[in-house]
Amino acid sequence: MSALTKVPVHIITGFLGSGKTTLIHSLIEQKPVDEKWAILVNEFGQIGIDQAMFDARDDVVVKGLPGGCLCCQLAFVLQAALVNLLARSKPDRVIIEPSGLGHPAGLLDLLRGEAFNDVVDVRDIIATLDPRRLDDARARQHDTFLDQLDMADAVALTMLDQSTSGQLAAAHAFVAERWPPRKWVQETLQGELSLTLLTQSSSAAVRGQEMPGSHQQLAAMPSLAGSFFDFPPPPGKPQRETGTSLGYTSTGLRWHPSERFDLDSLAAHLGELPREARIKGVFHTDNGWKRLNRADGTLSIESSAWRQDSRLEVILPDTLPTPSLDLEPHLCALPVS
């Protein structure tokens with residue numbers, strides 16, 4: 001790529017559990033063999049789960065930024081990470097996945113600012129929308145949820161296999177009411193989105209939204225502990241991290257990779273958590289390494305490659321009590337030596 005060519009940057013935004021990571025996986029599977037991509041994944045929680053959801057490969061560089069949202073707490077970290085990625089990895093394309101609670105305005109201000117204006121080209125912003133979310137009046141009135149959709153140039157409707165025809169029709173109608181009209185609204189079965197919608201996209205529209213005060217007030221220095229490449233905690237002593245902001249509380253846990261979980265028992269226990277709980281995890285189980293993902297009460301389990309440790313992140317609105325998350329009873333018994 002010529003030094004004068006701007007690197008296309010794609011922002012895939014969307015509320016908690018709306019299928020952003022699954023959609024990005026679909027795009028990676030379609031990546032041209034001669035391109036190198038960089039994926040920046042921002043997470044609300046401190047532990048860092050989403051980066052562990054991506055398998056290691058030479059042509060896709062994945063960088064996780066846990067512990068806040070890019071629009072406020074991690075803006076300076078994003079700038080440093082993006083400068084480093086562009087200089088060292090020289091990607092042909094960059095995809096940024098903000099936190100499900102992140103507001104896109106601050107991120108756009110940074111990317112269109114002096115540091116990156118001549119370096120990157122922000123393409124059509126894509127928002128993922130789970131039609132089931134519109135059944136919740138609190139979501140329909142949530143400023144960040146609405147702003148994510150209003151700042152998007154296009155919308156990918158997700159979770160089709162878990163949505164009714166009525167919910168899907170309501171989602172189409174809800175998006176159609178937004179102004180100005182979106183460039184496209186695409187139904188994405190199993191999160192599959194055609195790569196041409198990225199490669200043929202144009203520069204993102206400039207809209208007038210500003211970050212709400214709830215985001216601008218988050219000025220505390222974030223903790224960057226919990227990187228995917230940190231040393232794991234010792235056996236029998238899981239690491240716990242918590243964080244609260246924007247009306248939500250995140251609880252994260254890490255375990256040594258030698259500790260194995262009983263998959264059935266683990267899944268049953270997590271299924272007992274409140275329906276509102278957003279759950280993501282990577283676990284060493286008696287059936288191998290597994291990725292667990294639950295949004296809107298539906299739990300999915302997939303096989304995973306080896307990971308450096310087992311991890312769990314649970315995000316709940318502050319209106320609900322924080323669970324104890326004692327998972328020790330669900331560990332497999334250690335073999336007798």
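**Exercise 1. Locate leucine 325, describe its backbone, and decide whether it is buried or exposed.**

Solution. Step 1: leucine 325 lies in the segment that follows strand 14 (310–317). The model used here and in the exercises below is predicted.
Step 1: its phi is positive, about 55°, although leucine 325 is not a glycine. Most residues other than glycine have a negative phi.
Step 2: a residue counts as buried under 20% relative accessible area. Leucine 325 has 4% relative accessibility, so it counts as buried.

**Exercise 2. Explain why helix 5 (residues 143–150) is described as largely enclosed.**

Solution. Step 1: list the buried residues of helix 5, which are Thr144, Phe145, Leu146, Asp147, Gln148, Leu149 and Asp150.
Step 1: Seven of the eight residues are buried, so helix 5 is largely enclosed by the rest of the structure.

**Exercise 3. Describe the second largest pocket by its volume, its lining and the elements that supply residues to that lining.**

Solution. Step 1: the volume of the second largest pocket is about 490 Å³.
Step 1: 26 residues line this pocket, and the closest to its centre are Arg133, Asp136, Arg138, Tyr248 and Glu276.
Step 2: at least two lining residues come from each of helix 4 (137–140), strand 12 (288–295) and strand 14.
Step 3: sorted by type, the lining has 12 charged, nine nonpolar and five polar residues.

**Exercise 4. Summarise the protein chain: its elements, buried share, contacts and accessible surface.**

Solution. Step 1: the chain contains nine helices and 14 strands.
Step 1: of its 337 residues, 57% are buried.
Step 2: take the contacts between residues at least 6 apart in sequence; 75% of these join residues at least 24 apart.
Step 3: the accessible surface of the chain is about 14800 Å², and carbon and sulfur atoms account for 52% of that surface.

How values were computed: Residues numbered from 1 in each chain as written. Predicted model: local features only at pLDDT ≥ 70, side-chain atom pairs only at ≥ 80, totals over all residues. Heavy atoms only, no water. Helix = DSSP H or I, 4+ residues; strand = E, 2+ residues; numbered from the N terminus. Buried < 20%, exposed > 50% of the residue type's maximum accessible area, 1.4 Å probe, protein only. Contact = heavy atoms within 4.5 Å. Areas by Shrake-Rupley, 256 points an atom, 1.4 Å probe, with all protein chains shown as cover. 1 Å grid on protein atoms, 1.4 Å probe; cavity = no way out; pocket = protein on both sides within 12 Å on 5 of 7 lines; lining within 4 Å. Points joined across faces, edges and corners; volume = space filled by probe spheres on them. Nonpolar A, V, L, I, M, F, W, Y, C, P; charged D, E, K, R; others polar.
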